[in-house]
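Work through the exercises below with the sequence and the model side by side. Each task is followed by a solution in steps.

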Amino acid sequence: MYKQMKARGEDVVGFGAGEPDFPTPERIKAAGIAAIMGDHTRYTPASGLPSLKEAACLRLKLDCGVEYTPDQIVVASGAKHNVYIALMTLCNPGDEVVILAPYWVSYSEMVQQAGAVPVIVAATEAQQFKVSAAQLEAAITENTKVVMLNSPSNPTGMVYSREELQAIADVCVRRNVYVIADEIYCNLIYDDLEFVSFASLGEDVKERTILINGVSKSYAMTGWRVGYAAANKQIAKVMGNYLSHSTSAPSTVSQYAAIEALTGTQEDIDAMRLEFQERRDHLVERMNRIEGVSCLRPQGAFYVMMNMESFIGKEMYGQMIHDDVDFAKLFLEKGKVATVPCSSFAAPGYIRWSYATSMREIDKGLDRLEQFIKNA
Ligand SMILES: Cc1ncc(COP(=O)(O)O)c(C=O)c1O
């Protein structure tokens, strides 16, 4: 509906985007152009260019504190594609996959595509939206094959601490389950908070972890479609076979651009992170001053979950608000602001705002929220 309203020329403000609003840095674009002009336009090995695998190992060592060798890396068409082939590799029909929630909605869909059964374990706002090790342990059965973990998280922006991750890792090792650790937002962490990569918690943890990362979010490269996974050699090999007989590797040009992203200066991503942090501070501070709504202060990614529970069961603009979906729909219709209701992320009563948009748009959206609530 947002896109249709936009197409009709309506003045709608969008907070739904799951991607940085910055352009891809010049140095990375130049590497893509150089790859085309240098005739790097043929197939690469199905699981990616050896030099890109080395570049991924470098970043994993420097940013995540984990050592991998290139034969443990699988390059695919985005982090999402890597999650998918990891699930296809690990799951048999009927296996259970525990998803720590609130969660990115594609996880449960991909689990089902792999023939497995999603088991959602949700954390509340009082838990800062982070599932405890005890909750996880209670959800594990003899059919559990995999746990899906995402920190920093989409949609909550929350970051699991070292202690929280260690407790989860202990459960996974003891109960003999794999972990798909989606760390695509690892460079978008604020306030100098420590990023802890799940695989860095010990050799036994690393052995059962499929670490997911990529260039989309950190380097503003969502459209280039390059992500990578790191896993034990056996799993990496089977994931590579999936690629070999389905999509093959991502575009060769994109792979060359990704090498530059991972090996060149990292100053441009620092600048983006600082800008995101300023936007988060502003959005959170203003949102919490608006009557009837509130939000936690997320520590990573570029999302804020707005609590709108106080409107449930009340009428707005002559309509009964049953849930976050009703609220978001009405906010778009009457307030001309597009957000994402969080029921589908296993977080009913919340609306997700992405601050991957300019400060001006953020203020415009919040002004409209104030008016929308006041005039209801
Ligand atoms: C948690 C999470 N993982 C993966 C992705 C997808 O990343 P990519 O564009 O590299 O496929 C997203 C994008 O929204 C995401 O939020």
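**Exercise 1: an aromatic cluster**

Phe15, Phe311, Tyr317, Phe327, Phe331, Trp353 and Phe372 form one aromatic cluster. The model is predicted, so local features need pLDDT of at least 70 and side-chain atom pairs count only at pLDDT 80 or more, while totals for chains, interfaces and linings use all residues. Residues are numbered from 1 along each chain as its sequence is written, and side-chain values use heavy atoms, with hydrogens and water left out.

Task: find how the rings of Tyr317 and Phe372 are arranged, and state whether Phe372 is buried or exposed.

Solution. Begin with the rule: rings of Phe, Tyr and Trp (its six-membered ring) pair if their centres lie within 6.5 Å, and planes under 30 degrees apart count as stacked, over 60 as edge-to-face and the rest as tilted. The structure holds 15 aromatic pairs. In the pair of Tyr317 and Phe372, the centres are 5.3 Å apart and the planes stand at 25°, so the pair is stacked. Tyr317 lies in the loop between strand S11 (315-316) and strand S12 (319-320), and Phe372 in helix H13 (residues 359-374), so the pair ties together parts that are 55 residues apart in sequence; helices (H or I, at least four residues) and strands (E, at least two) are DSSP runs, numbered from the N terminus.

Next, take accessibility, where buried means under 20% relative accessible area, exposed over 50% and partly exposed in between (1.4 Å probe, protein chains only). Phe372, at 2%, counts as buried, whereas Tyr317, at 26%, counts as partly exposed.

Finally, Phe372 also forms an edge-to-face pair with Phe327, with 5.4 Å from centre to centre and 90° between the planes. This pair links distant parts of the chain, since Phe327 is in helix H12 (residues 324-335) and Phe372 in helix H13, 45 residues apart. Phe327 is buried, with a relative accessible area of 0%.
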